[in-house]
Amino acid sequence: MLLAISAQLVYENHGEALGPVADEILGFAERTYGAQYISKYISRVNDLAMLQEKFDKDPSPATLGDQGAVLDPDAYALSLLLSIVFTNHRFELIRELSLFLNGMGERSNPGTMLSIGYGTGYELKMASQVLSGWHIEAYDTDSQMTVRARQLFEFFGISKDIPLGGYFPLDQCPDELRGQYDAVVLSEVSEHLPDPAMALGTLRDCLKDEGRMFVTMAINIAQEDHVFLYPTINSCREQLQKCGLSVAREWLSPQTIFAPPDDREEGFNKGNYIAVVENKKAA
């Protein structure tokens, strides 16, 4: 029932924009995960709801995740995709990423994009279609995601050569990568890192002076592999500022089954903080 209400909210808020995305993702999910993919997704949603309930009763870094949990890779990847269609905060994240990619694509010359934590590969599919003339490279420490990203590329006929690596040095920018990238995407990664501030500082150094980075941070959202707690909107803003980054655009997307209020900041306690940032010196 809650799934239907949540999906209805996405449709009511985004109307025609939802259709093409839903057709793509649902078609891929059925082909890849079988006819019972909705049931698998509901099971995953129920597991996450239990984890969220535990966190809400005692909000702390200790209750944010569950490092001892054994995750089903298929269920994990499937939930990443279907939540784009069935939850408003995830659909808005993808919409904001699309705006970012289109903005970068309007630049006069093709550039170089770096993606950290490419997951299922759907965001890379988007980038390859918008930034067709760009060099795109991507990294994800979960080797199983490489398989899933390749499956998605094959399904959608993505022929662009996108190198998929495992490790990217987030502790310090190598000299050869300093000022290398026009665009960086750090989407749904920060909360998975024990020290996201260090990663943000490293990626800032990897940006060209006129480069921009797309960043998201999950506020008070529990998940098995979340390790860093962002308790408030200001905790996100302050981290970006301390890392020498200036916010060019931000968007607040609450995790809710109700229509977001006009003033999204008032009463916000759970959802996605989404920002496009740049070097302070270039701002």
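Where is the place of Asn220? I looked it up and found Asn220 in the loop between β5 and α10 (233-242). Its phi is near 55°, a positive value in a residue other than glycine.

I note that this is a predicted model, in which local features need pLDDT of at least 70 and side-chain atom pairs count only at pLDDT 80 or more, while totals for chains, interfaces and linings use all residues. Residues are numbered from 1 along each chain as its sequence is written, and side-chain values use heavy atoms, with hydrogens and water left out. For elements I use DSSP runs, numbered from the N terminus: helices are H or I of at least four residues, strands are E of at least two.

I then checked Glu188, in the loop between β4 and α9. Phi of Glu188 is also positive, near 55°, in a residue other than glycine.

Next I traced the sheet. It is open, has seven strands in the order β3-β2-β1-β4-β5-β7-β6, and its pairing is mixed. β3 (164-165) and β6 (245-254) each have a single partner strand and stand at the edges, so one side of each is left without a neighbour in the sheet. I count two strands as paired if DSSP finds at least two bridges between them.

I went through the pairs. β1 (residues 112-116) runs parallel to β4, joined by three bridges; Ser115 has Val185 in β4 as its bridge partner. β4 (residues 181-186) and β5 (residues 207-219) are parallel too, with five bridges, and Ala183 is partnered by Arg212 in β5. β5 pairs with β7 (residues 271-279) in the antiparallel sense over seven bridges, where Ala218 stands opposite Asn272 in β7.

With helix α9 (residues 196-206), the two strands make a right-handed β-α-β unit; right-handed means that, with the strands pointing away from the viewer, the path from the first strand over the helix to the second runs clockwise.

Last, I looked up the second largest pocket. A pocket is an open set of points on a 1 Å grid over the protein atoms alone, where a 1.4 Å probe fits, with protein on both sides within 12 Å along at least five of seven lines; lining residues have an atom within 4 Å of a point. I recorded about 250 Å³ of space for this pocket, the volume being the space filled by probe spheres set on the points, which are joined across faces, edges and corners. Its lining has 14 residues, with Val21, Ile94, Arg95, Ser98 and Met126 nearest the centre. α2 (18-33), α6 (88-105) and α7 (122-130) are the elements that give two or more residues to this lining.
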